[in-house]
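Subject: Structure for your review

Dear colleague,

A short account of the findings follows it.

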Amino acid sequence: MLDRRFIRENPQAVKDAVRVKGIGLDVDELLSLDQASRDLQRELDDAQARRRSFAREFARADEETRIRLRAEHEEQDAHLKEVREELAEVSEKLQALMLQTPTIPWEGSPVGADDTANVTIRTWGQAPAFGFEPKDHVELLENRGWAEFARARKVAGERAYALVGEMVMLERALLTYALDHLIEVGSTVISVPVLVREEPLTGTGQFPAHREETYAITADDLYLAGTAEVALTGLHSGEILDLRQLPIRYAGISPCFRREAGSAGRDVRGLLRVHQFEKVEQWVMCAADDAESDRWHFEILGAAEHLLQALGLHYEVVECATGDMGAGKYRMNDINTWFPSLGKFRETHSCSSLHDWQARRANLRYRDADGSVKFAFTLNNTAIATPRLLAALVENYQTADGKVTVPEVLRPYLGGRAQL
RNA sequence: GGUGGAGUCGCCUAGUGGCCGAGGGCGCACGCCUCGAAAGCGUGUGAGGGGGCAACCCCUCCGUGGGUUCAAAUCCCACCUCCACCGCCA
């Protein structure tokens, strides 16, 4: 969400952002609603001021005057009610449009409608050379009894899976390794609620645009969050933090739930696109400063790259196109990891700077050095999302005889074993 | 799930329909005092919105949302959160 004053003063910048991000928002309508809302607000303020002084007069008046005042009150109340209703109607429409306003994207982001316009800015490592025909992760896991797909789908429907035996331990190892590294670089580890209210989902930007992608528990008016980011952003909602409390750097761990409503039939095989997965998420709230936000962007992007490098996985970092990054993002870099079975990179991480867009929605504020209250900047990035990354790991580290070599950094978490 | 109690400014609290247009204390900031400090004294001390070139003015907010009333922190209803006890339970 943008600042109303900013939209008023920079309508063209907002229109440009709406266009390059492919958002169906009528900025002129928003501007006229903004004007109408301010006019009505002024009218209401004046009318209320008058009404209040009349009520005080009433308290001091004699019986005769009271009869006269009562009649005037009725007139005033009718007018007040009318203005209030009109303002409520305008405000509701305005708010609906405000929630669609995009962050102005970084000028370096490639302009394009979708991820086909994303630009690779670097690659690390290389694809493993197998002296044999590599198997995909489904075959690898089934051959070793490391996963149940058919039985899991009997229980939970399409895209369900169950990891078995050593695969469970390997997944745990990945997550624990990520947490250990993030602690080392100064993050506060936090396990967050996943069953959440509507407000934090609106706060992060999941709602209203992506409501269909979220599971709803209608009996209790709760939802299953698709990422720890939802709770992390909600944690400090409504607070005014002291500048000294910033930056806040969290490593949130949680299960994640996604309906995948927009991708029916895609990637139904295996572990690449599932309804339920585990993720360690990096999240940062910092002062409202472009340079500091940029610094954190590269810090948390670097942390994710560090993990992949330590795991020895071949990856590329892409600069995401304006149409791929979503309304709230100033800048987004995805990391795509190499999948031998696909013969290509596949998204495993997504690093986003949102400037104050989320902070405005979620009401994340701090008191600056000069005493003024400001909306903070937020950023987030995946650290490890599994089982997608687990699938990449297994495919990249498979041996000719169907075993999996354990990357050295994970061995301490698996009793020192070098191979599974 | 049930019963009872509670939610007021950063913190503690006063407040049972008009004197609340929210008082006091703590904390914090500034000033006086002092060689300097502490103590003491004085002044100030929230958020959001609107208007004005400006000094400044106005409106909203006492957990949230409704309602009653000329008038609500105060009365009524629903919800949220916390505390206590009962029930159930990993």
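Histidine 275 sits in the loop between strand S9 (248-257) and strand S10; helices (H or I, at least four residues) and strands (E, at least two) are DSSP runs, numbered from the N terminus. This is a predicted model, in which local features need pLDDT of at least 70, side-chain atom pairs count only at pLDDT 80 or more, and totals for chains, interfaces and linings use all residues. Residues are numbered from 1 along each chain as its sequence is written, chains are lettered from A and ligands numbered from 1 in the order in which they are written, and side-chain values use heavy atoms, with hydrogens and water left out.

With a relative accessible area of 13%, histidine 275 is buried (under 20% relative accessible area, with exposed over 50% and partly exposed in between; 1.4 Å probe, protein chains only). Its side chain forms a polar contact of 2.5 Å with the side chain of glutamate 158. A polar contact is a pair of N or O atoms within 3.5 Å; within protein, one must be able to donate a hydrogen and the other to accept it, and residues adjacent in sequence count only if both atoms are side-chain atoms. A polar atom of the histidine 275 side chain also lies 3.4 Å from the backbone oxygen of arginine 259.

Turning to RNA strand B, 21 residues surround it, and the closest are Asp45, Arg51, Arg52, Phe58 and Arg197; a residue is near a molecule or strand if one of its heavy atoms lies within 4 Å of it. Of the atoms of RNA strand B that come within 4 Å of the protein, 72% belong to sugar and phosphate. The side chain of arginine 38 places an N or O atom 3.3 Å from a phosphate oxygen of RNA strand B.

As to confidence, the mean pLDDT of chain A is 93, and 100% of its residues reach 70 or more; pLDDT is the predictor's confidence in each residue, from 0 to 100. Among the elements of chain A, helix H4 has the lowest mean pLDDT (85) and strand S11 (residues 315-319) the highest (98). The model scores ipTM 0.86 and pTM 0.93.

Yours sincerely
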